[in-house]
Amino acid sequence: MNCVHRDIVLYLAAILSGFALIRVSLAGTPLASLDSIFALIGVLGVLVFSVVILFKAVMHLFHR
């Protein structure tokens with residue numbers, strides 16, 4: 001597996017962890033007050049790494 005494919009797999013793992021942060025239930029834990037912050041971080045992670053994957057795909061299509 002070359003470097004580009006490893007990067008894409010890493011970005012996909014980051015998107016998956018973003019979804020995990022969105023879906024995590026913190027009710028009944030000391031971190032319950034930070035639930036919205038975790039959701040915001042998850043949404044930002046999913047968006048950022050999705051855009052990076054799209055950018056890399058477009059760059060690959062145009063061979064840059």
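## How the two helices cross

In this predicted model, helices α1 and α2 cross in a left-handed way (left-handed if the near helix is turned anticlockwise from the far one by less than a right angle, right-handed if clockwise). Two packed helices are described by the angle between their axes and the distance between the axes. Here the axes of α1 (residues 3-23) and α2 (residues 35-61) come within 7 Å and cross at roughly 155 degrees. Those axes are lines fitted to C-alpha atoms over the stretch in contact, with angles running from 0 to 180 degrees between N-to-C directions. That makes α1 and α2 roughly antiparallel (over 145 degrees; under 35 is roughly parallel, 65 to 115 roughly perpendicular, the rest oblique).

On the α1 side, the residues in contact (heavy atoms within 4.5 Å) include Ile8, Tyr11, Leu12 and Phe19. From α2 come, among them, Phe38, Val46, Phe49 and Lys56. The contact residues split into 16 nonpolar, three polar and one charged (Ala, Val, Leu, Ile, Met, Phe, Trp, Tyr, Cys and Pro are nonpolar, Asp, Glu, Lys and Arg charged, the others, Gly among them, polar).

## Overall shape

The protein has two helices and zero strands (DSSP runs numbered from the N terminus: H or I of at least four residues for helices, E of at least two for strands). Its radius of gyration is 15 Å, well over the 11 Å that the globule rule gives for 64 residues, so the protein is more spread out than a compact globule. That radius is taken over C-alpha atoms, and the rule is 2.2 Å times the number of residues to the power 0.38. Along its principal axes, the C-alpha trace spans about 50 × 20 × 10 Å.

Aspartate 7 sits in α1 and is partly exposed, at 25% relative accessible area. Leucine 16, also in α1, is exposed at 60%.

## About the model

Residues are numbered from 1 along each chain as its sequence is written. In this predicted model, local features need pLDDT of at least 70 and side-chain atom pairs 80 or more, totals for chains, interfaces and linings use all residues, and side-chain values use heavy atoms, leaving out hydrogens and water.

Methods. Buried means under 20% relative accessible area, exposed over 50%, partly exposed in between (1.4 Å probe, protein chains only).
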